[in-house]
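Okay, everyone, thanks for coming.

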Amino acid sequence: MHKPVLVIKLGTAVITGADGKADEMIISRLAEEIAELNTTYKVVLVSSGAVGSGKSFIKNYKGTLIERKAAAAVGNPILIQLYHKHFSMHNLVVAQALCERHHFSNRSQFLQLKETFYEFWENNIIPVVNENDLVSNVELKFSDNDELSTLIAIGFDAETLVICTSVGGFLDDNKAIIRSVENIDNTILGYVNSEKSAVGLGGMVSKLTFTRLATSLGIQVIMTGLNQENALKESMAGNSGTIFKPKKSNLKARQKWLASGSITLGSLLVDKGAEKALHERKSLLTVGVKDVKGIFSAGEVVQLINEEETIIGVAKVKLDAAQMAEQVSKKHALAAHCDDIVLF
Ligand SMILES: N[C@@H](CCC(=O)OP(=O)(O)O)C(=O)O
């Protein structure tokens, strides 16, 4: 039986209580629901909450980056033990997958990750993913687990990404949950404020950015809370939370992976001539690159930005950021091959 991939992202505020510790009631309910969903989907859990679960072990914790790293390293095993405890009651085994950015920006590393996840599913094991905070420095961090779960959903060509949040869905100006969103247009963007939960990293702005990318690549995104019985089932049936409808996408798996690079940190500013050539399916030469931003290695995916500062696509580059910067506007070196470029 073909099982589509279902990615479920759990924000810090939905799985931890006021004391910062993981809420076992929520995890137990989740285990019950996932045991059922596991019969029809290949499930991936992306769980935040490591910092919250570990921060009480760090003296005078104030939330600096180094304290967060240490707290996450303590909190991750605590969290995974809780998942193990509650999921094993439903004969489900969990595996911990701590990811870093290069596991996504480098295609061969991503394919290794993918192979291992398929091995998990073959063995009826549920991967529980989190960022490997311990070794993620400022420049290379994911912005938050909304980003990580989106990269996973795109890379695995998921049918659905469920983002579980403490607000229970996407709210309009009257704080009422909008049930269904066809297009993330200016009206929808107008409802967003930049508030975040006190404990999480990502706010609604980040959720909407990633939701827009995922839906544009054919993935249905659902935002929901978890504090009611059958929360996942109800939201997937359209009875609670918000469903963001997917767009039709004809991109192949590799092109989707390339497109997911539009949320990486590097970018190339291309001139008008190069933009025209890209639309004629030509490769990108360094002479058409006006500026280089961010840190990236050869073989990674970066955004392509035109002179009007619009993101026009993504490219897997042949040179690293320093080499690219050295060649900018001067030489006709190959910056990205046309097969490695996806325009939006
Ligand atoms: N890796 C961090 C997750 C940070 C994060 O993205 O939190 P959230 O915005 O609540 O999903 C942790 O486990 O605490």
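So, to start us off: which residue does glutamate 24 form a salt bridge with? Lysine 85 is the partner, and the closest N and O atoms are 2.8 Å apart. By salt bridge I mean a side-chain nitrogen of Lys or Arg within 4 Å of a carboxyl oxygen of Asp or Glu. This pair links distant parts of the chain: glutamate 24 sits in helix H2 (residues 24–37), lysine 85 sits in helix H4 (residues 65–88), and they are 61 residues apart.

Quick housekeeping before we go on. This is a predicted model, where local features need pLDDT of at least 70 and side-chain atom pairs count only at pLDDT 80 or more, while totals for chains, interfaces and linings use all residues. Residues are numbered from 1 along each chain as its sequence is written, and side-chain values use heavy atoms, with hydrogens and water left out.

Back to our pair: are these two buried or exposed, or something in between? Glutamate 24 is partly exposed, at 32% relative accessible area, and lysine 85 is partly exposed too, at 38%. The cut-offs there are under 20% relative accessible area for buried, over 50% for exposed, and partly exposed in between, using a 1.4 Å probe and protein chains only.

How many salt bridges does the structure hold? The count is 14. Another one of them joins lysine 282 and glutamate 280, at 3.0 Å from N to O. Lysine 282 is partly exposed at 46%, and glutamate 280 is partly exposed at 42%.

Then have a look at lysine 290, which forms a salt bridge with glutamate 307, the closest N and O atoms being 3.6 Å apart. Here again distant parts of the chain are linked: lysine 290 is in strand S11 (residues 289–293), glutamate 307 is in the loop between strand S12 (301–305) and strand S13 (311–316), and 17 residues separate them. Lysine 290 comes out partly exposed at 41%, and glutamate 307 partly exposed at 33%. Both belong to a network of salt bridges that links Lys272, Lys290, Glu307 and Glu308.

Now for the strands. S9 (residues 267–270) runs antiparallel to S11, and 4 bridges join them. Strands pair if DSSP finds at least two bridges between them. S9 also pairs with S12, in the parallel sense, over 3 bridges. Follow serine 267: opposite it in S11 is lysine 293, and its bridge partner in S12 is glutamine 303.

What does the UniProt record say about residues 266–335? An unreviewed entry annotates them as "domain: PUA", and such annotations may be inferred rather than shown by experiment. That span is 21% helix and 34% strand, and its end C-alpha atoms lie 13 Å apart.

Last topic: cysteines. How many disulfides are there, counting a pair of cysteine sulfur atoms within 2.5 Å? The count is 0. The sulfur of cysteine 99 has its closest cysteine sulfur in cysteine 164, 18 Å away, so that's too far for a bond. Cysteine 99 is buried, at 0% relative accessible area, and cysteine 164 is buried as well, at 1%.

That's my tour, thanks!

Technical notes. A disulfide is a pair of cysteine sulfur atoms within 2.5 Å. Helices (H or I, at least four residues) and strands (E, at least two) are DSSP runs, numbered from the N terminus.
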